[in-house]
Amino acid sequence: MRHISTKLGRLADLAASMAVVLLIATPAAAYTGGAVSNGGSIKGKITVSGKQDETKEVVKDKSFCGGSVPAEKFIVSGDGGLKNVIVRIDAIDSGKPIDKEGNFTVSNVKCRFDPHVMVAPKGATMKVRNDDPVLHNSHFYLVQADSSKKNVINLALPRQGVEIGKKKILRKPGLLSVKCDAHDFMQAWIWVAENPYAEVTDASGSFNMSDVPAGSHTLTIWHEELGEKTVDVTVEAGKAANVDFSF
Ligand SMILES: [Cu+2]
């Protein structure tokens, strides 16, 4: 009897230590996706004035890449709309479902990354491919709060048509900087999102965030050169809240 109770005691200890491990492993702000019955939307346009895109000089593989490539930092429409701005809600713990099964691919095309800025959900598989007949590599860094960069993974893409899918790239949320060690002018940015409320502005500077639960939210507006701003917005059920922002 004594023998059995000792064994049970050990099992209880084991269960308790496993529970502690599970608690530590569970992220603090888990997101729950489901049907949004009282949702509205947030739409708007991000603009900038007095900015135009620059080019970066090519110093390697000039015969294929050409003498320069666009920096793509300021792709501005005729009325000031700014492309490639990430608009997102950070503090939200429930809302529409996250789609982790979509196609999240960054391609090396004509010595640039395509797309230049994208959003991908945490936990999805990120694909990286080389469409060029030159060697590229895609080096992913997680940008830290102090702006320093922490290595995530470095993928060699030696030949045209090579495609690699990795879950590791999107394991941690936050901003990824993507560089090519062979061509230091190549740059992409990926926001690894913990919820589905993150959008990239299109060529007119516009965004449209659907099925946002009614209530007060804070939009974070990020641009690679102009930094991060926040705007408070109130969403009413069945209506579109408009947020226009000028950097
Ligand atoms: Cu490259």
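## Largest cavity

In this predicted model, the largest cavity holds about 70 Å³ of space. A search of the whole structure finds 1 cavity of 30 Å³ or more.

The lining of the largest cavity is made up of Lys56, Val69, Pro70, Ala71, Glu72, Cys111, Arg112, Phe113, His116, Phe185, Met186 and Gln187. Two elements give two or more residues to this lining: strand 4 (68-70) and strand 8 (112-114). Sorted by class, the lining has 7 nonpolar, 3 charged and 2 polar residues.

## Copper site

Four residues coordinate the copper ion: His136 through ND1, Cys180 through SG, His183 through ND1 and Met186 through SD, at 2.0 to 2.7 Å. The angles among the 4 donor atoms run from 93 to 134°, and the site is tetrahedral. Four donors count as tetrahedral if all angles lie between 85 and 135 degrees, so the site of the copper ion falls in that class.

Along the sequence, the donor residues follow the spacing H-x43-C-x2-H-x2-M. His136 belongs to strand 11 (residues 136-143), while Met186 sits in the loop between strand 14 (174-179) and strand 15 (187-193), so this pair ties together parts that are 50 residues apart in sequence.

His136 has 0% relative accessibility and counts as buried, because buried means under 20%. Met186, at 1% relative accessibility, also counts as buried.

## Met186 in both sites

Met186 is a donor to the copper ion through its SD atom, and Met186 is also among the residues that line the largest cavity.

Key
Residues are numbered from 1 along each chain as its sequence is written. This is a predicted model: local features need pLDDT of at least 70, side-chain atom pairs count only at pLDDT 80 or more; totals for chains, interfaces and linings use all residues. Side-chain values use heavy atoms; hydrogens and water are left out. Donors are N, O and S atoms within 2.8 Å of the metal (3.2 Å for Na, K and Ca); water is not among the atoms, so sites may look incomplete. Four donors count as tetrahedral if all angles lie between 85 and 135 degrees; four count as square planar and six as octahedral if opposite donors are over 155 degrees apart and all others between 65 and 115; anything else is irregular. Helices (H or I, at least four residues) and strands (E, at least two) are DSSP runs, numbered from the N terminus. Buried means under 20% relative accessible area, exposed over 50%, partly exposed in between (1.4 Å probe, protein chains only). On a 1 Å grid over the protein atoms alone, a cavity is a set of points where a 1.4 Å probe fits but cannot get out, and a pocket is an open set with protein on both sides within 12 Å along at least five of seven lines; lining residues have an atom within 4 Å of a point. Grid points are joined across faces, edges and corners, and a volume is the space filled by probe spheres set on the points. Ala, Val, Leu, Ile, Met, Phe, Trp, Tyr, Cys and Pro count as nonpolar, Asp, Glu, Lys and Arg as charged, and the others, Gly among them, as polar.
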